[in-house]
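Colleague: I am new to this structure and would like to learn how to read its features one at a time. Could you take me through them slowly?

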Amino acid sequence: MSQRETIIEVKDLVKKFGSFTANDRLTFDVYRGEIFGFLGANGAGKTTAMKILSGLSRPTSGKVMVAGIDVSHHPEKVKRKIGYMSQFFSLYNDMTVKENFRFYGGIYGLSAKKIRERTQFYLDKLDMKSYENMLLKNIPLGWKQKLAFSLANIHNPDIIFLDEPTGGVDPITRRQFWELIYEAADQGTTVFVTTHYMDEAEYCERVSIMSEGQIKALGKPKALKEQFGAATMNDVFLKIARNVE
Amino acid sequence: MSVNIHIEHLVKKFQDVEALKDISFDVEKGSLFGIIGPDGAGKTTLFRILTSLILADEGKVMVDGIDVVKDYKKLRQIIGYMPGRFSLYMDLTVEENLNFYARIFHTSLSENYDLIKDIYEQIEPFKNRRAGDLSGGMKQKLALSCALIHKPKLLVLDEPTTGVDAVSRKEFWELLKKMQQRGITILVSTPYMDEAALCDRVSLMQTGNLLSVNTPQQIVNNFLGNLLAVKTNNMYTLLSDLERFDGADRVYRFGESIHLVSQRPIDEVKQSLRDFLSIKAYQKIEIENKQPVIEDCFLALMEKTGTL
């Protein structure tokens, strides 16, 4: 297999809040076009690490390179290279679908022409043409979620960060959402995703599992299941992630 | 000490949205009853009517013979309710929250300590910590303790495990089982299909409709057709290829494999599927018979009723 390009490089990342170590010497690489699952128990330090990777928080020590940029020194540059979507996605409920596209396109500095192009592209793709002038608050949750994903992709980022993107949605919509993820990855976008659904961990190319601020396991789902003698990723997770206050 | 619940023709509209579309079902005394469904199914609306927080447009709800509208004051004495959103006092400590809820119900922590002991022991080391500073799993345990402080006969839990990791979810369900053994009737909602299997009976809900009310085993037994799990070297393109396979009624991703449902005889389907995939140059083809789980059933029911 040919050498894959590394798009995220994390080496000995440490983040402390006072005497509490939220991230304890994290070291891992993510490859371009990979779907990387970032798993862990509540309070394991996932959100802290995600904030650092996306330039929102500075590491206490260690090296973090994202899309060729040193995050500690150029957090603003990183933000242009990445997209971010969380479960509590920040779309504007009192703007229409189209206006949300224009707003996000504007934030990322796309030209008016480019915004029109990208808006059309996604409306066609999601089959949402008839919704374009509808206020966002009147759109079902499942559609909103797909829309949020598209908006996070509007500037063609190298990496898209998804923080529990499928919480609470029905099993069909959850699967449709994953098809969008697969498609983005197939086109070379790297997908960095957290989830509490362990069946979704199986959809990732590789996953890491965090506990107490450390990465306790990292590898392909199949390899992890073999390594821990477990039938499912849920069992692997239960073996690794213990609840610690 | 447990109660039964009787729900009859319940309808609730919010302007032009029908949140509950003529819902009827019963919950047996002492059982652990699950309402399984995604956001927007109507789970919270149902719970709010049942706990006398809002009124239904039509229909009625009886809890242990108590009409939840006429006798709401009596009702509130016998139920413990844990809403979906964490609603304890963030700037009170763990212990202060518990004492506060105990006093509202004219009781004390020590009086009912026996009931909440199992749960409270897990959070006791942090009893002087403010509720706002607890982790997600710990907050849930505190909320459960507070809902139990007055020894309710019925426990109503609205999505207690949403956003909670797999380890904490497992622990939380173990606690619920213990509460059930003490005779409390439990009504719990969840978007996690795997939790359905832990209930005595479940109702599957989607956009205000009940898709099915039954035991988890019976729901699985009612699954129509043969279920196969398919794996190959390329899982990304496999889904769209399988959608074009003649013998497939439904195909969808399911963890490490893709599930295929077919009404045709199973051996025949397996053979033609193997040929179909070989022609398309797939390698490492694995086709296995699979027992359906609740999520398979839910997907089938959603498709059948067209409630998307």
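Predicted model: local features only at pLDDT ≥ 70, side-chain atom pairs only at ≥ 80, totals over all residues.

Colleague: How many helices and strands does chain A have?

Modeller: Helices (H or I, at least four residues) and strands (E, at least two) are DSSP runs numbered from the N terminus, and chain A has nine helices and ten strands. The radius of gyration, taken over C-alpha atoms, is compared with a globule rule of 2.2 Å times the number of residues to the power 0.38; for chain A the radius is 18 Å, close to the 18 Å that the rule gives for 245 residues, so the chain is as compact as a globular protein of that length. The C-alpha trace of chain A spans about 50 × 40 × 40 Å along its principal axes.

Colleague: What share of the residues in chain A is buried?

Modeller: A residue is buried under 20% relative accessible area, exposed over 50% and partly exposed in between, with a 1.4 Å probe and protein chains only; by that rule, buried residues make up 56% of the 245 residues in chain A.

Colleague: How many salt bridges does the structure hold?

Modeller: A salt bridge is a side-chain nitrogen of Lys or Arg within 4 Å of a carboxyl oxygen of Asp or Glu, and the structure holds 32 of them over all chains. One of them joins A:Lys63 and A:Glu9, whose closest N and O atoms are 3.5 Å apart. This pair links distant parts of the chain, with A:Lys63 in strand E4 (residues 61-66) and A:Glu9 in strand E1 (residues 6-17), 54 residues apart.

Colleague: Which chains does the salt bridge of B:Arg253 and A:Glu179 cross between?

Modeller: With closest N and O atoms 2.5 Å apart, the pair runs from B:Arg253 in strand E12 (residues 250-254) of chain B to A:Glu179 in helix H6 (residues 171-186) of chain A. B:Arg253 is buried at 3% relative accessible area, whereas A:Glu179 counts as partly exposed at 24%. Salt bridges can also form a network, as with A:Arg174, A:Arg175, A:Asp199, A:Glu200 and B:Glu295.

Colleague: How should I read the aromatic pairs?

Modeller: A pair of aromatic rings is described by the distance of the centres and the angle of the planes. Rings of Phe, Tyr and Trp (its six-membered ring) pair if their centres lie within 6.5 Å, and planes under 30 degrees apart count as stacked, over 60 as edge-to-face and the rest as tilted. There are 22 such pairs over all chains; A:Phe103 and A:Tyr104 form an edge-to-face one, 5.5 Å centre to centre with 85° between the planes. A:Tyr131 and A:Trp143 form a tilted pair, at 5.3 Å and 35°. A:Tyr131 lies in the loop between helix H4 (112-125) and helix H5 (141-152) of chain A and A:Trp143 in helix H5, so the pair ties together parts twelve residues apart in sequence.

Technical notes
Residues numbered from 1 in each chain as written. Chains lettered and ligands numbered in written order. Heavy atoms only, no water.
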